[in-house]
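Subject: Model handover

Hello,

My notes on what turned up follow below it.

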Amino acid sequence: MSNQLGEAPKQEQEQTLVSHLVELRQRMMRIILIVFAVFLCLFYFANDLYEYLSAPLTALLPEGTSMIATDVTSPFFAPFKLTLVLAIFLGIPFILHQVWGFIAPGLYNHEKRLATPLLISSVFLFYAGIAFAYFVVFPLIFGFFTSTGPESVAIMTDISSYLNFVLKLFFAFGIVFEIPIATLLLIWSGATTAKALTEKRAYVLVCCFVVGMLLTPPDVISQSLLAIPMWLLFELGIVLSKVFVKKVEDDDLDGELEAAIDEDETNSQSS
C-alpha cells in the first residue's frame, strides 16, 4: 500500500515533466514556422535587401569600383544568409512571446509585472542597437577605412566578408543595447545594488573597452563606438533601477499589507 502511495507523486511528476516537454516542443515548432514564413516572404527580395545592407559601403567606394564575389556560390548564399538572419531578427517579438508564454505560469504576480515591460524594452533596445550600428557606426567606420588606404589599392570588398562583418556588428550592438535591462535585473534580483555598481564605475568603463575590443574588428573606431554606448547604457540602467525597482518593491509591500489586512478582517469576522 505504501509503495502505491509513493509511486503516485512520482507518476504525477513524470506527467508534469512530459507535459512541459510537449509544450516546449509545440512552442519551438511555432517559432520555426514563423521564422520560415517570414523567410519565404523576404526571399524574393533577397538581392534588394543585400543592396540596401551594402549601401553604407558602396556609397563610399571610389567611382568605377564595386563589391566582388570571390566564391562561385557567394552571389546566392550571401543574400540567402542575410534573408535568414533577417527573418530571425524580425521574428524576435514572436520568439520572446513564446518564451514568455512558457515561463509565465511559474512566475509570481510581481515578477510578471516586471517581466512584461522588460520584454518589450529588450525588443526595442535590440532593434535600436541594430539601427545605431547601421545609421551611425557604419558610415563612420566605412568612411574611415575607405579614405585611409593607399591610392594604388582598389577597394573591392567580397560580399560574403562584408556580410559576416556587418552581422557581427549587428549582433554586438544589439546585445550591448540590452545592458540597461541586464543592470536592472541584477539590482532587482538582489545580486548587487545601484550604489555598489556606481562605486565600480571605473572598472566598468575599462570592461566596456575590453568587450568592445573582443566583439568588434581590430580598430580603435569600432571599439570606441561600441564601448562608449555600453558605458552610457550602463549609467542608464543604474538610473532606471533607482526608480523602477523601488516602485516595484513599494507595490509588493502595499500588496502584502492589503493581504494582511484582509486576513485580519476575515479572522475577526469568523471569531
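Val-35 touches Ala-87, Ile-88 and Ile-95, leaving out residues up to four places away in sequence. Contact here means heavy atoms within 4.5 Å. Val-35 sits in helix α1 (residues 2-43). Val-35 is buried, at 12% relative accessible area. The cut-offs are under 20% for buried, over 50% for exposed and partly exposed in between, with a 1.4 Å probe and protein chains only. The C-alpha atoms of Val-35 and Leu-90 are 8.2 Å apart, although 55 residues separate the two along the chain.

Some ground rules. This is a predicted model, so local features need pLDDT of at least 70 and side-chain atom pairs count only at pLDDT 80 or more, while totals for chains, interfaces and linings use all residues. Residues are numbered from 1 along each chain as its sequence is written, and side-chain values use heavy atoms, with hydrogens and water left out.

Confidence

pLDDT is the predictor's confidence in each residue, from 0 to 100. The chain's mean pLDDT is 79, and 80% of its residues reach 70 or more. Among the elements, α3 has the highest mean, 92. Helix α10 (residues 220-270) has the lowest, 66.

Fold

The protein chain has 10 helices and zero strands. Both are DSSP runs numbered from the N terminus: helices are H or I with at least four residues, strands E with at least two. Buried residues make up 33% of the 271 residues. Of the contacts with a separation of 6 or more, 83% join residues 24 or more positions apart.

Ser-122 lies in helix α5. Ser-122 is buried, at 13% relative accessibility. Beyond four places in sequence, Ser-122 is in contact with Leu-96, Glu-178 and Ile-181.

Pocket

The largest pocket has a volume of about 360 Å³. The search used a 1 Å grid over the protein atoms alone; a pocket is an open set of points where a 1.4 Å probe fits, with protein on both sides within 12 Å along at least five of seven lines. Grid points are joined across faces, edges and corners, and the volume is the space filled by probe spheres set on the points.

The largest pocket is lined by 15 residues. A lining residue has an atom within 4 Å of a point. Tyr-52, Leu-53, Leu-86, Ile-130 and Phe-170 lie nearest the centre. α2 (46-58), α3 (74-90), α5 (109-148) and α6 (159-176) each supply at least two lining residues. The lining divides into 15 nonpolar, no polar and no charged. Nonpolar covers Ala, Val, Leu, Ile, Met, Phe, Trp, Tyr, Cys and Pro; charged covers Asp, Glu, Lys and Arg; the others, Gly among them, are polar.

Cysteines

The structure holds zero disulfides, a disulfide being a pair of cysteine sulfur atoms within 2.5 Å. Cys-208 lies in helix α9 (residues 201-215) and is buried, at 4% relative accessible area. Cys-41, by contrast, counts as exposed at 55%. The C-alpha atoms of Cys-208 and Pro-229, 21 residues apart along the chain, are separated by 8.9 Å.

Best regards
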